[in-house]
Amino acid sequence: MYEALKNTIEAAWEERALLRDAAVQQAVRDTVELVDKGLLRTAEPSAEADGGWRVNEWVKKAVILYFPIQPMRKMEAGELEWYDKMELKHGYEELGVRVVPHAVARYGAYIAPGAILMPSYVNIGAYVDTGTMVDTWATVGSCAQIGKHVHLSGGVGIGGVLEPVQAAPVIIEDHCFIGSRSIVVEGARVCREAVLGSNTVITGSTHIIDVTGPEPVTYKGYVPPRSVVVPGSYRKQFPAGEYSVSCALIIGRRKESTDKKTSLNDALRDFGVSA
């Protein structure tokens, strides 16, 4: 459906001099507009893809190529002043999105109807699905994919990625609850209905250790569906001695009886862990 756009973007990626052509610039802008409207995504669910998600590299390339063709300009709001080349998202009333001052989303980020942005930040290329709350001072990085009815609690940091273009963005699937001050970066994937306790850090190399069985099971960059996860540590030997290394612990599974909109305290209460 978008084959002509894709071919133009791929050609411009290989030969940047093509960006001087008005038609090529328009192709880049048209692609970013489609991302802004949610008609294209930098990554999307795919039954055929490894891990269930496919990265649309050419769309990420368009987002990257958008930066050099945009002129720098001064932007003002009263006495506040900025100097940048990226537009902000507008028209929230028509989009059906509740946006609380001082929330900011960049143009090229898709915010679905029914989403709520508390004072927060959503970067270009990101996808925030319906019913999701991006709570106070939370950030959603470039190209991050946030599912339906997710709660990103206060101060949560969802990392972004533009390059390398083949790199998967951070993915938070439907009905997840990400506790206050948690960090998810480096293309990590938090699967549907998982709960991360406050201050949990998930990177591409973090040991995510399931301690619910007779033997520990370790994942990296992947939180299984319905997992209840809290910060933890394990002992590791270094040349200078043995030290504690941060990790994440899967201490249980979210119960079927637990409402998907439950508070973090409710989700953790059965496991005797505070939020």
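Modeller: A helix here is a DSSP run of H or I with at least four residues, while a strand is a run of E with at least two, both numbered from the N terminus. Just after H2, Gly-38 takes a positive phi of about 80 degrees. This is a predicted model, where local features need pLDDT of at least 70, side-chain atom pairs need 80 or more, and totals for chains, interfaces and linings use all residues. Residues count from 1 along each chain as its sequence is written, and side-chain values use heavy atoms, without hydrogens or water.

Biologist: How do you know what span to expect for H2?

Modeller: You take 1.5 Å times one less than the number of residues. H2 (residues 22–36) has 15 residues, and its C-alpha span from first to last is 21 Å, close to the 21 Å expected.

Biologist: What caps the N-terminal end of H2?

Modeller: Asp-21 does, with a side-chain oxygen 2.8 Å from the backbone nitrogen of Ala-23. A polar contact is an N or O pair within 3.5 Å; within protein, one atom must be able to donate a hydrogen and the other to accept it, and residues adjacent in sequence count only through two side-chain atoms.

Biologist: Which residues of H2 are called buried?

Modeller: Buried means under 20% relative accessible area, exposed over 50%, and partly exposed in between, using a 1.4 Å probe and protein chains only. Val-24, Ala-27, Val-28 and Leu-34 are among the buried ones in H2. Their cover includes helix H1 (3–14), helix H3 (57–69) and strand S7 (110–111).

Biologist: What makes Tyr-110 and Tyr-127 a pair, and is it stacked, tilted or edge-to-face?

Modeller: Rings of Phe, Tyr and Trp (its six-membered ring) pair with centres within 6.5 Å; planes under 30 degrees apart are stacked, over 60 edge-to-face, the rest tilted. By this rule there are four aromatic pairs. The centres of Tyr-110 and Tyr-127 are 4.8 Å apart and the planes sit at 40 degrees, so this pair is tilted. Tyr-110 is in S7 and Tyr-127 in S10 (residues 127–128), 17 residues apart, and both are buried.

Biologist: What about Tyr-219 and Tyr-222?

Modeller: Their centres are 5.8 Å apart with planes at 50 degrees, so that pair is tilted. Tyr-219 is at 25% relative accessibility, so it counts as partly exposed. Tyr-222, at 28%, also counts as partly exposed.

Biologist: Why do S6 and S21 count as edges of the sheet?

Modeller: The open sheet runs S6-S9-S12-S15-S18-S21, with parallel pairing. S6 (104–105) and S21 (201–202) each have a single partner strand, so one side of each lacks a neighbour in the sheet. Strands pair if DSSP finds at least two bridges, and two join S18 (residues 183–184) to S21.

Note on methods: Contact = heavy atoms within 4.5 Å.
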